[in-house]
Amino acid sequence: MSRRPGVAVITGASSGIGAEAAVQLGARGWTVCLLARRADELADVAERVRAAGGTASTHPVDLTDDDATTAVVATLLEAHPVIDVLVNNAARSIRRPIRESVDRLHDYERTMAINYLAAVRLTLALLPRFLEQAADGRGGGHVVFSSTMSSQLPIPLFSAYLASKAAVESFARSLRAEHGHAGVTTTVVYFPMVRTEMSGATAIYAAMPMMSPRKAGGWLVKAAVDRPTRVTSLAGAASEAGMSILPGVLTKVITPQLRRMDRRLARRTR
Ligand SMILES: NC(=O)c1ccc[n+]([C@@H]2O[C@H](COP(=O)([O-])OP(=O)(O)OC[C@H]3O[C@@H](n4cnc5c(N)ncnc54)[C@H](OP(=O)(O)O)[C@@H]3O)[C@@H](O)[C@H]2O)c1
């Protein structure tokens, strides 16, 4: 990790992994622009960034709101002649069987609105600047997308969430394919389960071993600084390879194990 400190725009920075990444980038001397809806939480994270030695600004915004996002982007472009990294990390998760979603198309719409469309909206808004920077020698932009190891496996019960993450991954691939040669690059980060507000929403996960937010924040820092195409666990990469070669077999083997794991976790949390 040798890249000079720069400016990073981080969404979902009011809690969990995004907040930890902001503080760790701050400790490396980065300037971080913190985006999320909760202003008080953003202010607390900004204080932690400053205490760690970094520079922080806060931008309370609902990223599903087009006009509000446009206004924040104008502020960011005005304040920073160079933006080095955009971390698209804000998201919501829904755990619900497809059979119980038959009257709930809005689950899919709301999840896509923040996990996919908001990430695309912000990326499109910053892309002209990234291309301009790359062309005039100020350095291209790097776009990081927070995704999940669950999209590398046949995981049940998260159809809305995982479809939105698959969309994000596909967009990242296209962006890199179209603009990588011109200096606009991407990293997709495939997190395993991480102990945050998001995973805490499912009661049975209290009994599951998980990665710490601090370590997960380190994965975003690695993505921002080293700019690899992806950051993944070995298990995630192996599952992905297995799914591309033998998807039917792997699905048959894994899904009963996952159902057993859920039953075990439910017993432990009773
Ligand atoms: N935790 C896990 O087990 C896990 C596993 C795999 C992947 N991930 C991914 O890691 C990323 C971070 O999640 P986390 O675990 O750190 O969860 P978290 O603590 O719940 O963070 C989610 C963040 O998204 C922001 N957000 C949600 N809706 C928003 C909106 N409409 N506008 C602006 N900001 C919004 C939230 O801030 P406000 O509420 O203040 O707006 C919050 O800062 C997500 O992309 C998630 O999918 C997490």
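By class, how many nonpolar, polar and charged residues are in the lining of the second largest pocket? There are four nonpolar, five polar and five charged ones. Here Ala, Val, Leu, Ile, Met, Phe, Trp, Tyr, Cys and Pro count as nonpolar, Asp, Glu, Lys and Arg as charged, and the others, Gly among them, as polar. Keep in mind that this is a predicted model, where local features need pLDDT of at least 70, side-chain atom pairs count only at pLDDT 80 or more, and totals for chains, interfaces and linings use all residues. Residues are numbered from 1 along each chain as its sequence is written, and side-chain values use heavy atoms, with hydrogens and water left out.

**Second largest pocket**
- A pocket is an open set of points on a 1 Å grid over the protein atoms alone, where a 1.4 Å probe fits, with protein on both sides within 12 Å along at least five of seven lines; lining residues have an atom within 4 Å of a point.
- This one holds about 230 Å³ of space, a volume being the space filled by probe spheres set on the points, which are joined across faces, edges and corners.
- Its lining has 14 residues, and Glu169, Arg173, Val188, Tyr190 and Glu240 are the closest to its centre.
- H5 gives the most to that lining, with six residues; helices (H or I, at least four residues) and strands (E, at least two) are DSSP runs, numbered from the N terminus.

**Largest pocket**
- About 1,400 Å³ of space lies in the largest pocket.
- Its lining has 50 residues, with Arg92, Ser93, Tyr161, Met198 and Ser199 nearest the centre.
- By class, that lining splits into 26 nonpolar, 15 polar and nine charged residues.
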